Amino acid sequence: MNKVDVVVIGAGAAGLFCAAQAGKRGRSVAVLDHAKRIGGKILMSGGGRCNFTNMYASHENFLCDNKHFCKSALSQYTQWDFISLVAEYDIAYHEKTLGQLFCDDSAKDILNMLMSECDKAGATVTNQCDVLQIDKTDAGFTLQTSKGEYQCESLVIATGGLSMPKLGASPFGYKVAEQFGLTVKPTRAGLVPFTLHEQDKKVLAELSGISLDASASCNSTSFNENILFTHRGLSGPAVLQISSFWEPGEAVEFDLYPNGDLYEQLHKAQQSQPDVLLSNALAAFYPKRYVQTVLPYIGIENKPLKQYQGKSLIEVAQAFHQWQLKPNGTEGYRTAEVTLGGVDTDFLSSKTMEAKNVKGLYFIGEVMDVTGWLGGYNFQWAWSSGFVAGQVV
Ligand code: FDA
């Protein structure tokens, strides 16, 4: 039998960070994970370079049914606190774009740092450990696991969401929440590529590999980054971002000339080169292959510019400024970076992440109904929520 002050289930970003914080306070901590390899998701993150935080992180970059829930944790442990820790470990990093900080070398640097923090704090990390049963006792919790029984005062659930099952994702955390009477908000894949209806896919798959600057909008939210046509559908940062706001059946609107007025440009070209074909004029702004494929697809005839009279040039520009696409669905948890929904934050203290109805039970990281935008925000949530729980467990 293993008796410790704190058991953390899940050795991902949030669990490891929380364990190190609690260990530093002199608490004995055991982290248990069922995966074969610790930190698989961290190693894969940011294309292997881990976008570990965002310089502009604030509560406004998160989706959560309670808009104010994230404020306390994000202010108790900020992106600048984590950046200082990264600097302490001499990990080289850079800003890629929009405040997104990536390791110069490898995501391994962040995982090694977390393991070293746990080690220094005396927190043990055990992999390939299945938790079979959890019971509440007067003193805390008893856990039956594939590696023996554990007793603890505080139990932290850091088992993440459902994205990427091959990296160890499971609904375990939601089941624990339900066992103890907490509500779980419906879950769905977020930060995920769109799949297309057959008639769109047939045409757009030919554009595979083409990336365009675009603003993607739905449900009063817009992201201005870029989109990428793939052989399966549509991806790229603007698509991943908007996927978290999209509901099945809805259309997404893309502005494919997001930083200017395409009509103005075409009108100028019409004045200076009236005999030039529309496709050639558009090729100044888009890859040729894209223009040739897309004009017949959106039903625009390819004629010399002088033949677009009246409102017709405005209509051409509008077709690019307001391209409406109804996705068929998303690629789902197989490729999603995050899971929307999760443990209802109404049941948790925003200051400590403790369940309001069960003393000593905590939920941190992605298992909760808190989902960040693309760009380092999800890791920042793992650090901030793990930190605040780590101060009190
Ligand atoms: P996380 O998923 O990291 O950890 C959960 C742990 O619990 C896992 O180790 C799992 O094995 C374990 N577990 C699950 N069920 C269990 C059970 N039944 N028993 C025991 N253990 C169990 N975010 C970001 O900010 N920047 C980025 O660059 C990226 N990049 C990125 C790439 C890819 C491919 C993905 C899939 C995701 C990202 N993300 C990201 C998102 C980010 O990785 C994610 O939000 C955090 O890892 C969440 O941290 P958690 O610790 O909450 O869960």
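**Helix packing, sheet and domains**

The axes of helix H1 (residues 13-24) and helix H13 (residues 377-390) come within 8 Å of each other and cross at roughly 30 degrees. H1 is therefore roughly parallel to H13 (angles under 35 degrees count as such). This is a predicted model, in which local features need pLDDT of at least 70, side-chain atom pairs count only at pLDDT 80 or more, and totals for chains, interfaces and linings use all residues. Residues are numbered from 1 along each chain as its sequence is written, and side-chain values use heavy atoms, with hydrogens and water left out.

**Helix pair**
- H1 passes H13 in a right-handed crossing (the near helix is turned clockwise from the far one by less than a right angle).
- Ala 13, Ala 14, Phe 17, Cys 18, Gln 21 and Ala 22 of H1 meet Phe 379, Ala 382, Trp 383, Gly 386, Phe 387, Ala 389 and Gly 390 of H13, where contact means heavy atoms within 4.5 Å.
- These residues comprise ten nonpolar, three polar and no charged, with Gly counted as polar.

**Sheet**
- Four strands form an open sheet in the order S1-S11-S10-S9, with mixed pairing; strands pair if DSSP finds at least two bridges between them.
- Strands S1 (2-3) and S9 (131-136) each have a single partner strand, so one side of each is left without a neighbour in the sheet.
- S10 (residues 141-145) and S11 (residues 148-152) pair in the antiparallel sense over five bridges, and Leu 143 has Tyr 150 in S11 as its bridge partner.

**Domains**
- The domain assignment gives domain 1 (2-189 + 338-390) and domain 2 (194-330).
- The contact between them takes seven residues from domain 1 and eleven residues from domain 2.

Technical notes. Helices (H or I, at least four residues) and strands (E, at least two) are DSSP runs, numbered from the N terminus. Axes are lines fitted to C-alpha atoms, for helices over the stretch in contact, and angles run from 0 to 180 degrees between N-to-C directions. Angles under 35 degrees count as roughly parallel, over 145 as roughly antiparallel, 65 to 115 as roughly perpendicular and the rest as oblique. Domain bounds come from an automatic or database domain assignment.
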